[in-house]
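Subject: Structure handover, cavities and ligand

Hello,

Here is the structure for you to look over. My notes on the cavities and the ligand follow below.

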Amino acid sequence: MPRPLDNLDKGSIKAWLMEDDPHELDCLWKKADEVRCQCVGGDVWLRGLVEISNNCVRSCAYCGISECAPVPKRYRMTVDEILAAVDRAVTNGFGTVVLQSGEDPGITGPWMAGVVKSIKSQTGLAITLSLGERSDDDLHAWREAGADRYLLRFETSDTRLYRQIHPDLDGRSDRLAQLERMRDMGYEIGTGIMVGIPGQTWDSLADDIWLFRHYAIDMVGLGPYIECPGTALAGGLGRALKTAAGDNQVPPDNLTTLKALALTRLICPYINIPATTALATIDPYSGRSHGLQRGANVIMPNITPAEYRALYQTYPGKAGLHETTDISLAVIEGQIKSIGRTIGRGAGTSRRLAGESLAT
Ligand code: 5AD
C-alpha cells in the first residue's frame, strides 16, 4: 500500500520528509504537481528582485551579509538607482518588484515610504518588501504608501534553535507576531525556512510546514541551507548543533527541500511558492524546474545591478551571480517554457486576498 497523501498531519508529514523510496516519492511529486495545477494553475509568476542594501545590524549565524560577516563593501542603493532597476521589471513585463535588504536602520521609515510611493505612481507594479524586522510605525507607513506584500522568513519553528542562530537585539524579536500584525495591516504575507540548518531535526521541519497553514500565510519560500564561510554556523556552533541533533539532523540537500516544498503545496494548496535561488544554486541544471514541477509557481529573477549583486552574497555561489540580468532572464524563461508552463502576466495576487473562497 502506498503511503497516504490525504489528510496529512504532523506525523505523516514527518514520515514523508524521511521517505526515500523513489516510487513513493514519485507519488508525492505527482500529487503536488496536480494540486498546484488545480489550485493555482499553470502560470509561473516572475517577481523582479532588487537587493537594495547589504547593511545589516543583525548577527545571524548563517548569513553572509550579517553584521559580523566579512563583506568587502557595504552599499545602499540611491532612489534613482532603485527606480532604474525597477524599470527593468517593467521592461521585462513582470507584475511585481521585490525590494530586499539586510536589517538596515539607514533605510528609514519616511525614506522607504517615498521610494514605495514613487514606484507605485511611476509603474503601478505590485510591491513586495523584505526588509527584516521593523517597527509597526514603519510597516504601517509603507503599507499606506502602497506596499502590497511583505516577506519575513521565520527560518525555523524551533524557538531554541532560532535564538541560537538569530541573536536577539532587544528581546523583542518575534517574527511570527510581526507576520500576524502585517496580515492585519492588509499585507499579503510571505514567510519561509531554510532546510537543513545545523540542529534542525525532522520533527522541527514537520512543525515548520504545519505552521505555514496555522498562520494563513500567502507565500512560502523554502531553500536548502548553504554553509557560508566565516559565519558562526560554518564553525564551532554549527558542529555543536549537528552533534546535538545526531541522527535526527535534516540534511541540507535538494531532495529534502523538494519534499518539504511538495508537502507545503499539499498542506497550503492555494498559496504562492517560489522555486528559490538557493535550490538553483545547489542544482544549477534542474533545481528551478524540479521546484516548479513539484509544487512551485513563482520565480524571483534577480534584477539587482551586477556590481551590487556581487556584494549581496547571503551564501556563496548564489545562482545568477556572474550572469548579466538578461542572461539570467533568458535562462529562467527557457526553463519555464521547456516544462510546458506559461509566464504569468500581472501581479499574481494571493488567492486569499483576491477574495476567492478557498476549499481548505
Ligand atoms: N543559506 C541559505 N539561505 C540563506 N539565507 C540567508 N543565509 C542563508 C544561507 N547561508 C536565507 C534566509 C533569509 C533569506 C533572505 O535568505 O532564509 O531569510
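First, a term. On a 1 Å grid over the protein atoms alone, a cavity is a set of points where a 1.4 Å probe fits but cannot get out, and its lining residues have an atom within 4 Å of a point. Grid points are joined across faces, edges and corners, and a volume is the space filled by probe spheres set on the points.

This is a predicted model: local features need pLDDT of at least 70, side-chain atom pairs count only at pLDDT 80 or more, and totals for chains, interfaces and linings use all residues. Residues are numbered from 1 along each chain as its sequence is written, and side-chain values use heavy atoms, with hydrogens and water left out.

**Cavities**

The whole structure holds two cavities of 30 Å³ or more. Ala, Val, Leu, Ile, Met, Phe, Trp, Tyr, Cys and Pro count as nonpolar, Asp, Glu, Lys and Arg as charged, and the others, Gly among them, as polar.

The largest cavity has a volume of about 940 Å³. It is lined by 44 residues, and Gln100, Ser130, Arg153, Glu155 and Thr314 are the closest to its centre. The lining splits into 22 nonpolar, 14 polar and eight charged residues. Strand 6 (219-224) is among the elements that supply at least two residues, as is helix 11 (277-282). Strand 6 gives the most, with four.

**Ligand**

Where is the ligand? It sits in the largest cavity, meaning that more than half of its atoms lie within 2 Å of the cavity's grid points. Residues around it (a heavy atom within 4 Å) include Tyr62, Gln100, Arg153, Glu155, Ile226 and Thr314. That shell divides into seven nonpolar, two polar and two charged residues.

- Tyr62: a backbone N or O atom lies 3.0 Å from a ligand nitrogen.
- Arg153: a polar side-chain atom is 2.8 Å from a ligand oxygen.
- Ile226: a polar backbone atom is 2.7 Å from a ligand nitrogen.

Taken alone, the ligand exposes 410 Å², and the protein buries 85% of that (Shrake-Rupley method, 1.4 Å probe).

Best wishes

Key. Polar contact = N/O pair within 3.5 Å; in protein donor to acceptor, adjacent residues only side chain to side chain. 1 Å grid on protein atoms, 1.4 Å probe; cavity = no way out; pocket = protein on both sides within 12 Å on 5 of 7 lines; lining within 4 Å.
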